[in-house]
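I am opening a notebook page on this model. The entries below follow the order in which I looked things up.

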Amino acid sequence: MKPAIIIDLDGTLLRTNTFSDYILYSCCQSLRFFRLDLVFLLLLFSLLRKLRIISHARMKYHILRHTTTFMQQQNRLQSFVTKELSHENPTVISHFHHYTSQSYLTVLATAAPSLYAELIASHYHFDHCLATPPATIPYTEWRENKCQEKLHNVQKTLTSANAEISVVITDHFDDQPLLDANREGRNIVL
């Protein structure tokens, strides 16, 4: 079996919370283009989350549902990703290049939205990007790519690639299932 390196995005590959940055960037772009409806919704869902009236997952779902089309226009996503890349973590990038040079399968596994996570993964030439899907289905059927869901998606991808988890790099306790699944490999917790 081929060895695989699994890398988290937020706080790991990039030293920032990309979804918080996405909310702020979307809000600024909405103001700039007089999309006050989006500004209102971004502020509303952020406030509802801050007051713990809704879960983080529900907030993420609704924000993605309302901003995706707008953010896919006029190169906004690419501009956002370019800003985010300025937060790259040189230590993780060094590990990534080390394992890539040894022909490890590379997987970016994140709870961040696929909307921009796939662009980030493409920039670094990851073999696979496993991220939170778009909010195009009902919330009851939608799953954020974290904890057990992330592990399940990683295992499914590695099985089809005839690979196994050998290295996990993360900064978050949500990735404990991944760390536990990597019994014989190397875990790097930042």
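I looked up Lys150 and found it buried, at 3% relative accessibility; buried means under 20% relative accessible area, exposed over 50%, and partly exposed in between, with a 1.4 Å probe and protein chains only. This is a predicted model, where local features need pLDDT of at least 70, side-chain atom pairs count only at pLDDT 80 or more, and totals for chains, interfaces and linings use all residues. Residues are numbered from 1 along each chain as its sequence is written, and side-chain values use heavy atoms, with hydrogens and water left out.

Entry: salt bridges. I counted five salt bridges in the structure, taking a side-chain nitrogen of Lys or Arg within 4 Å of a carboxyl oxygen of Asp or Glu as the criterion. Lys150 meets Asp8 at 3.3 Å, N to O. This pair links distant parts of the chain, 142 residues apart: Lys150 is in helix α7 (residues 147-160) and Asp8 in the loop between β1 and α1 (18-32). Helices (H or I, at least four residues) and strands (E, at least two) are DSSP runs, numbered from the N terminus. Asp8 is also buried, at 8% relative accessibility.

I then found Lys150 in a salt bridge with Asp175 at 2.8 Å, N to O. Asp175 lies in the loop between β4 and α8, so its pairing with Lys150 in helix α7 ties together parts that are 25 residues apart in sequence. Shared partners join Asp8, Lys150 and Asp175 into one network of salt bridges.

I noted another pair, Asp174 with Lys146, at 3.7 Å, N to O. Asp174 lies in the loop between β4 (163-170) and α8 (176-181), and Lys146 in the loop between β3 and α7, so the pair ties together parts 28 residues apart in sequence. Asp174 counts as buried at 18% relative accessibility, whereas Lys146 is partly exposed at 29%.

Entry: the sheet. I read the strand order of the open five-stranded sheet as β3-β2-β1-β4-β5, with parallel pairing; two strands pair if DSSP finds at least two bridges between them. Which strands stand at the edges? They are β3 (128-132) and β5 (186-189), each with a single partner strand, so one side of each has no neighbour in the sheet. Four bridges join β1 (residues 2-7) to β2 (residues 105-113), and Ile7 stands opposite Leu108 in β2.

Entry: exposure. I checked Ile53, in the loop between α2 (36-50) and α3 (56-71). Ile53 is exposed, with a relative accessible area of 56%.
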